[in-house]
Amino acid sequence: MTTSTTTPLLPRQRNPIGAHVPVAGRGLAGTGLAYATKVGAETVQVFVANPRGWATPAGSPAHDEAFRAACAEQGIPSFVHAPYLINFGSDSPATRERSAESLRHSLHRAHAIGARGAVVHTGAALCGSRADALAQVRADVLPLLDELDALGPDAPRLLLEPTAGQGSSLCSRMEDLAAYADALDHHPLLGVCLDTCHAFAAGHDLAAPGGVTAMLDALTEAVGPDRLHLIHANDSKDVAGARKDRHENIGAGHIGADPFRELLAHPATAGVPLVIETPDGRHLPDRIEGARHTADITLLKHLRTEALTRPTDTPLNAAT
Ligand SMILES: [Zn+2]
């Protein structure tokens, strides 16, 4: 399939491009969507709890509704990122219990604010073998997916995000997702959030010619088509295969800008939003709030335009 044989999509329909936005202060809409406007974001990701803690704050119905209504009115798809401590492969029963409560909270808050999905890191096997850990994933997560089913047609999806491949990581390479999805019976509300920095760290060399296509093909092979629902678009401060999770601004790291054009031209990414989780330069003395994020989003939009005007079967790295 090439873009020349299908109805042309508006760039924003093909891939909304946005950012993980801060919400502290005036809340989801007051802070989060104001920041989105400032940096030109067409889609947003938010935390609904301290990402480094176990608290499960109730949120404010008025703020939730203001955010949901504003996103709907402006056509902004939204996503929740669950806390980082969640690990269903833990050897501690208390951590597993907290992980389930924390993820349940993120999923229900996602539903309350009208988000399309909640992203969770796939965790690490600390309890024994990989098979032991996946058995725990099944026992703890399948009931949550069934709870989502009961929410009806606007239920958010659970989006699995492979990690950079440190330690006993359960999913880092795309192939690893196959066993994880098997453990969850390929539930209809299960999806994938692909982080380009994590995939690069895990050894998918996105900077090599055809590297992005090989990674996306491996993803489709692992979980089937139509499971990719969100992309974390991040460059990397480290080289491919370094197993380090250090995000860089788009085009400023070892991935570089061109692979993002290849990503935006691939059929597997049609309709999938991209959010950046890149440095905002807040520690720099000359920082202008949002300037780095604005630059990243502007560059990705430019690459999106270029991707849409080239046939998808042209090897994009060949000419560079
Ligand atoms: Zn990410």
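Biologist: In which element does His81 lie?

Modeller: His81 lies in strand 3; helices (H or I, at least four residues) and strands (E, at least two) are DSSP runs, numbered from the N terminus. This is a predicted model, in which local features need pLDDT of at least 70 and side-chain atom pairs count only at pLDDT 80 or more, while totals for chains, interfaces and linings use all residues. Residues are numbered from 1 along each chain as its sequence is written.

Biologist: Why does His81 count as buried?

Modeller: A residue is buried if 20 or more other C-beta atoms lie within 10 Å of its own, exposed if 12 or fewer, and partly exposed in between, with C-beta atoms placed from the backbone. His81 has 26 C-beta neighbours inside 10 Å, so His81 counts as buried.

Biologist: What does His81 touch, not counting residues up to four places away in sequence?

Modeller: Two residues are in contact if their C-beta atoms, placed from the backbone, lie within 7 Å. On that basis, His81 touches His20, Gln45, Phe47, Pro51 and Val119.

Biologist: What makes Glu161 partly exposed?

Modeller: Glu161, in strand 5, has 18 other C-beta atoms within 10 Å and is therefore partly exposed. Leaving aside neighbours within four places in sequence, Glu161 is in contact with Val119, Val120, His121, Thr122, Cys193 and Asp195.

Biologist: Which residues does the UniProt annotation "binding site" cover, and how do you know that they gather at one spot?

Modeller: The annotation, from an unreviewed entry, covers His81, His121 and Glu161. They span 81 residues in sequence, yet no two of their C-alpha atoms are more than 9.9 Å apart, so they gather at one spot. UniProt positions are given in the numbering used here, feature names are shortened, and annotations may be inferred rather than shown by experiment.

Biologist: Why is strand 7 called largely enclosed?

Modeller: Six of the six residues of strand 7 are buried, so strand 7 is largely enclosed by the rest of the structure.

Biologist: What makes strand 6 and strand 7 a pair?

Modeller: Two strands pair if DSSP finds at least two bridges between them. Four bridges join strand 6 (residues 190-195) to strand 7, and the two run parallel; the bridge partner of Cys193 in strand 7 is Leu230.
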